[in-house]
Amino acid sequence: STPDEPSIDCENDAYDNVNPNNQPNAASAIRDGNTTGVQDNALVLCGDEADWYQIQLDSGDGLEVDLRFDSAEGDIDLRLYRLPAGRPLNRDNLVLVDSSASVDGFETVYLRRATQQDENYYIEVFHFQNEGGRQPYGITVNLFNDCTDDAVMATGEHNDRPETAVN
């Protein structure tokens, strides 16, 4: 299959069934989950395709996106991009804000504070080195309205999981 076509042997998730979100210009709108649990848990990444999501932030807002998956089934990575105001939406115009490439079944991308009003951010979920078949995952999006979240620790974590808690 190509990045625009899901693998034939892979059943899509609800987002893909409504509108295949394999490219930035077909990104699925995602909302603030405002939760510590998994917001959307029935998502599926198929083969070498990527899943794209879009969220709009106001100046001063912060954003954290957490991805959970079974690392025994494959390695999924995560990237957060910003589309500068006035630029047409295409991959070349997206500016990388943060990325996460761990191997432990938990990925996090983070924006401490948006600087522009009504700016669009894009979330890319993809298999490491385009390897993998059907892979279920869950995503949580937390928007910090006009709020600054915890500073990033030396490990790159925001101390929001029990194993990274600060004493």
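The model is predicted, so local features are reported only at pLDDT of at least 70 and side-chain atom pairs only at pLDDT 80 or more, while totals for chains, interfaces and linings use all residues. Residues are numbered from 1 along each chain as its sequence is written, and side-chain values use heavy atoms, with hydrogens and water left out.

The chain contains 1 helix and 9 strands. Helices (H or I, at least four residues) and strands (E, at least two) are DSSP runs, numbered from the N terminus. Along the sequence the pattern reads α-β-β-β-β-β-β-β-β-β. The chain has 167 residues, and 47% of them count as buried. Here buried means under 20% relative accessible area, exposed means over 50%, and partly exposed lies in between (1.4 Å probe, protein chains only). The chain exposes about 8,500 Å². Carbon and sulfur atoms supply 45% of that area. Accessible areas come from the Shrake-Rupley method with a 1.4 Å probe; for residues, only the protein chains shown count as cover. Among contacts in the chain with a separation of 6 or more, 76% come from residues 24 or more positions apart. A contact means heavy atoms within 4.5 Å.

Four strands form an open sheet. Its 4 strands follow the order S2-S9-S4-S7, and the pairing is antiparallel. Strand S2 (40-45) and strand S7 (106-111) are the edge strands, each pairing on one side only. Neighbouring strands of this sheet are turned by 25° against each other on average, direction ignored. For such angles, axes are lines fitted to C-alpha atoms, for helices over the stretch in contact, and angles run from 0 to 180 degrees between N-to-C directions. Two strands pair if DSSP finds at least two bridges between them. S2 and strand S9 (residues 135-144) run antiparallel and are joined by 4 bridges. Valine 44 stands opposite proline 136 of S9.

Strand S3 has pairings of its own. With strand S1 (residues 28-29), S3 pairs in the parallel sense over 2 bridges. Alanine 29 has glutamine 54 in S3 as its bridge partner. S3 also runs antiparallel to strand S8 (residues 119-127), with 7 bridges between them. Glutamine 56 is bridged to asparagine 120 in S8. Strand S3 (residues 51-57) is largely enclosed by the rest of the structure, because 6 of its 7 residues are buried.

Charged side chains were examined next. A salt bridge is a side-chain nitrogen of Lys or Arg within 4 Å of a carboxyl oxygen of Asp or Glu. The whole structure holds 3 salt bridges. In one of them, glutamate 124 meets arginine 79 at 3.2 Å, N to O. Glutamate 124 lies in strand S8 and arginine 79 in strand S5, so this pair ties together parts that are 45 residues apart in sequence. Glutamate 124 is buried, with a relative accessible area of 4%. Arginine 79 is partly exposed, at 26% relative accessibility.

Glutamate 124 also forms a salt bridge with arginine 91 (3.2 Å, N to O). That pair links distant parts of the chain, 33 residues apart: glutamate 124 is in strand S8, and arginine 91 is in the loop between S5 and strand S6 (95-100). Arginine 91 counts as partly exposed at 39% relative accessibility.

Arginine 82 belongs to strand S5 and glutamate 119 to strand S8, and the pair links distant parts of the chain, 37 residues apart. Arginine 82 is partly exposed, at 24% relative accessibility. Glutamate 119 is buried, at 3%.

Aspartate 77 presents another case. This residue is found in strand S5 (residues 76-83). Aspartate 77 is buried yet has no salt bridge. Its nearest side chain of opposite charge is arginine 79, 6.7 Å away. For this assignment, Lys and Arg count as positive and Asp and Glu as negative; His and the chain ends are not counted. Leaving aside neighbours within four places in sequence, aspartate 77 is in contact with residues including Leu67, Ser100, Glu107, Glu124 and Phe126.
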